[in-house]
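I opened the notebook to look up a few residues and write down what I found. The entries follow in the order in which I made them.

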Amino acid sequence: MDNCIFCQIVAGDIPSRTVYEDDDVLAFLDVNPLAPGHTLVIPKDHHETLTELPEDEGDAVFSALHRLAPAVEVAVDAPASTVAFNNGEAAGQEVPHVHGHIVPRFDDDGGRPIHALVSDQPELHDDELDDIAAAIAEER
Ligand code: AMP
Ligand code: ZN
């Protein structure tokens, strides 16, 4: 995709601080880091969200995340990391090329856990939870 900034990084047309590369995956430092070591892991092929990402490329992305999260933590001496995808525009995704974030976390960083994502947490009754679980199981 010519106008995709991450495709341009894959093509070498835009510089990046690459920390890992294989046939399917590229990982590089985020240009606007939330913490030292904030790393992005992307499939080399252009896919907008996890829904469009073929399973084998998803496996490759997860495998890289799995290897890189501990490497990032060690490199910046972080005791933990938040590993997450903004998966779609409504979830805050700004670059429409799938990317996983590895954000090193520190005890005093003022950051919050994934449970702080929404301010209006729904109250769901047992029958609603049963219906949702069944709907997901049917779709997967
Ligand atoms: P998201 O909001 O999940 O789409 O995150 C996009 C991320 O890409 C942001 O954290 C940006 O700082 C990062 N970003 C945008 N352009 C570049 C770039 N040229 N090199 C590295 N990271 C970038
Ligand atoms: Zn792209």
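**Entry 1**

I looked up C4 and found it buried, because its relative accessible area is 4% and the cut-off for buried is under 20%. The model is a predicted one.

**Entry 2: salt bridges**

How many salt bridges does the structure hold? I recorded two.

One of them joins K44 and E21, with the closest N and O atoms 2.8 Å apart. K44 sits in the loop between β3 (39-43) and α2 (55-76), while E21 is in strand β1 (residues 18-21), so the pair ties together parts that are 23 residues apart in sequence. I found K44 to be buried, at a relative accessible area of 19%. That value counts as buried because the cut-off is under 20%.

The side chains of D109 and R105 also meet in a salt bridge, at 2.7 Å from N to O. Is each partner buried or exposed, or in between? D109 is partly exposed, with a relative accessible area of 33%. R105 counts as buried at 18% relative accessibility.

**Entry 3: L26**

I went on to L26, which lies in strand β2 (residues 25-29). L26 counts as buried because its relative accessibility is 4%. Which residues does L26 touch, leaving out those up to four places away in sequence? I listed I9, V10, T18, Y20, E21, L40, V41, I42 and K44. Among these contacts are E21 and K44, the two residues that form a salt bridge with each other. I also looked up L26 against A64: they are 38 residues apart in sequence, and their C-alpha atoms are 8.7 Å apart in space.

**Entry 4: D77**

D77 is in the loop between α2 and β4. I read its phi as near 55°, a positive value in a residue other than glycine. I noted for comparison that most residues other than glycine have a negative phi. D77 is exposed, because its relative accessible area is 65% and exposed means over 50%.

Where is L124 found? Its place is in the loop between β5 (100-105) and α3 (126-139). L124 counts as partly exposed because its relative accessibility is 40%. Leaving out residues up to four places away in sequence, I found that L124 touches L129 and I132. L124, L129, I132 and I136 make a nonpolar surface patch of about 340 Å².

Key:
Residues are numbered from 1 along each chain as its sequence is written. Chains are lettered from A and ligands numbered from 1 in the order in which they are written. This is a predicted model: local features need pLDDT of at least 70, side-chain atom pairs count only at pLDDT 80 or more; totals for chains, interfaces and linings use all residues. Side-chain values use heavy atoms; hydrogens and water are left out. Helices (H or I, at least four residues) and strands (E, at least two) are DSSP runs, numbered from the N terminus. Buried means under 20% relative accessible area, exposed over 50%, partly exposed in between (1.4 Å probe, protein chains only). Contact means heavy atoms within 4.5 Å. Patches are made of residues with over 30% relative accessible area and no salt bridge: like charges are joined within 9 Å, nonpolar side chains (Val, Leu, Ile, Met, Phe, Trp, Tyr) within 5 Å. Accessible areas come from the Shrake-Rupley method with a 1.4 Å probe; for residues, only the protein chains shown count as cover. A salt bridge is a side-chain nitrogen of Lys or Arg within 4 Å of a carboxyl oxygen of Asp or Glu.
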